[in-house]
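Thanks for making the time this morning.

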Amino acid sequence: MAPAPPAPMSIEATGLGADQIEQLLIKTLHNGEANGVAVADKMRLPFTLLEPIIERVRAERLVEVRGSSGSGASSYRYALTDLGRDRAHQYFEISRYVGPLPVPLAAYVAAMNALTAARGYLDRDRLKSGFGHLIIRDEVLEKVGPAVNAGKAVFLYGPPGNGKTVIAEGMGRTLGGDMYLPHALDIDGHTITMFDPIAHESLEEDGGASSLVVATTQRDRRWVRIRRPVVMVGGELTLDMLDLTFNTISKFYEAPIHLKANGGVFLVDDFGRQRMRPEDLLNRWIVPLESRFDYLTLHTGKKFQVPFDVLTVFATNLNPESLADEAFLRRIPYKIPIEDPSVEEFSRIFEMNCRKRRLRFHQVMVAYLLRRHYQPFDRAMRACHPRDLLDQVTALCRYRGIEPVITRDLLDAACASYFIDSMGTAAAASALQARRPAPAARAEVH
């Protein structure tokens, strides 16, 4: 488990100025009346830190008390005055961000360095356990294990449909553990949102807002506990996604996709099929892959450095030598081929997928499949074929209103739909035709 950032015991310990906290407080109350506990919950701060700031804005007649739901200032219902709403509009002109108080960049860098230092190493047993849900060769694991321990970039290449994407996801699962990620970063008054519910799996337990009232909260709630991320991009990846995204309306930033993957795995799937040239992506990442840090630029022109603690995985079914030159390939020290499965591995994958679908496995059906639809046409076996064909068999059974079962007839029908080459389609169609009963002869009338 990653070390938890300690709760701030003072305004200075937040790393931000009282004026920045006041601005966020006023913008938070602009959404409507709220008691002290609710405001503290939205800002992820103990109420005892907010209380002196609330008293100050009350003295300036920006905030007023509308009532109370209990005893103590934390139960008062606070609302903006007309003067406070005018002030909120001024603050919204600067940034419309409302949410947890951002964390300063220095605190994020320190946390990532601590996470890197605390990370352990994988052994063979733990790696096999992490890939226990896959049928994968030992020689592949012997290459994957050192790559994960080194934390260096990896090239997975080979024919399509053999599980390169699944292997990359398994690397992230094997890496395991959790970490803390700030909801947002502060860079010289500019806000960058970091937590993304699509890219990150939160491990937070909803303990209620009452946990934020006292200053003795065990950890800094501005950070969210997440599982180590596995962020995947494919053909949609563009260079713009690797830079800060500034929203001209909300006037704050969203972190680039690879920064969201910090501490975990960043998978570039189908590398070489993006809308940009491979050379452009490689040139963008030559420095981060070597130095383990990256530079980002605000719309004001200010550049700043961020950690690049990411296990970067490139997966492609193209020849790596056709995608990158020698200078870039040497910065990807682990190049792992993912080959077609053997007959034995194909049978084990078929059996595993039968178990998942609660279908009875017959070795004779695998032998028939290979003899009828693979060997005559020199068709390559792919690791994805058993899953895809069994999905078609199941769908066909449901369409016919029968219990899912594996038969020669159903396998022929699945292959006729799945494979598009004329030889394979013709073979499947002829096999189906051969099994159909001949039509009854009609007597001729003279």
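This is a predicted model: local features need pLDDT of at least 70, side-chain atom pairs count only at pLDDT 80 or more; totals for chains, interfaces and linings use all residues.

Let me begin with E345, which is buried, with a relative accessible area of 14%, where buried means under 20% relative accessible area, exposed means over 50%, and partly exposed is in between, with a 1.4 Å probe and protein chains only. Residues are numbered from 1 along each chain as its sequence is written, and side-chain values use heavy atoms, with hydrogens and water left out.

What does the side chain of E345 meet in a salt bridge? The partner is R137, at 2.9 Å from N to O, a salt bridge being a side-chain nitrogen of Lys or Arg within 4 Å of a carboxyl oxygen of Asp or Glu. The pair links distant parts of the chain, since R137 is in the loop between α6 (124–130) and α7 (138–150) and E345 is in helix α13 (residues 343–356), 208 residues apart. Helices here are DSSP runs of H or I with at least four residues, strands are runs of E with at least two, and both are numbered from the N terminus. R137, for its part, is partly exposed, with a relative accessible area of 25%.

The structure holds 27 salt bridges, and another of them joins the side chains of D196 and K260, again at 2.9 Å from N to O. D196 lies in the loop between β8 (190–193) and β9 (223–227), whereas K260 lies in helix α9 (residues 257–260), 64 residues apart. D196 counts as buried at 15% relative accessibility, and K260 counts as buried at 4%. The side chain of K260 also makes a polar contact with the side chain of E254 at 2.5 Å; a polar contact is a pair of N or O atoms within 3.5 Å, where within protein one must be able to donate a hydrogen and the other to accept it, and residues adjacent in sequence count only if both atoms are side-chain atoms.

D19 lies in helix α1 and R56 in helix α3, so the pair ties together parts that are 37 residues apart in sequence. D19 counts as exposed at 51% relative accessibility, while R56 is partly exposed at 32%.

Now to the rings, where a search of the whole structure finds 14 aromatic pairs. Rings of Phe, Tyr and Trp (its six-membered ring) pair if their centres lie within 6.5 Å, and planes under 30 degrees apart count as stacked, over 60 as edge-to-face and the rest as tilted. The rings of F266 and W285 have centres 5.3 Å apart and planes at 80 degrees, so this pair is edge-to-face. F266 is in strand β13 (residues 265–268) and W285 in helix α10 (residues 278–291); F266 counts as buried at 0% relative accessibility, and W285 likewise counts as buried at 0%. Both belong to a cluster in which ring pairs link F155, F266, F271, W285, F308 and F314.
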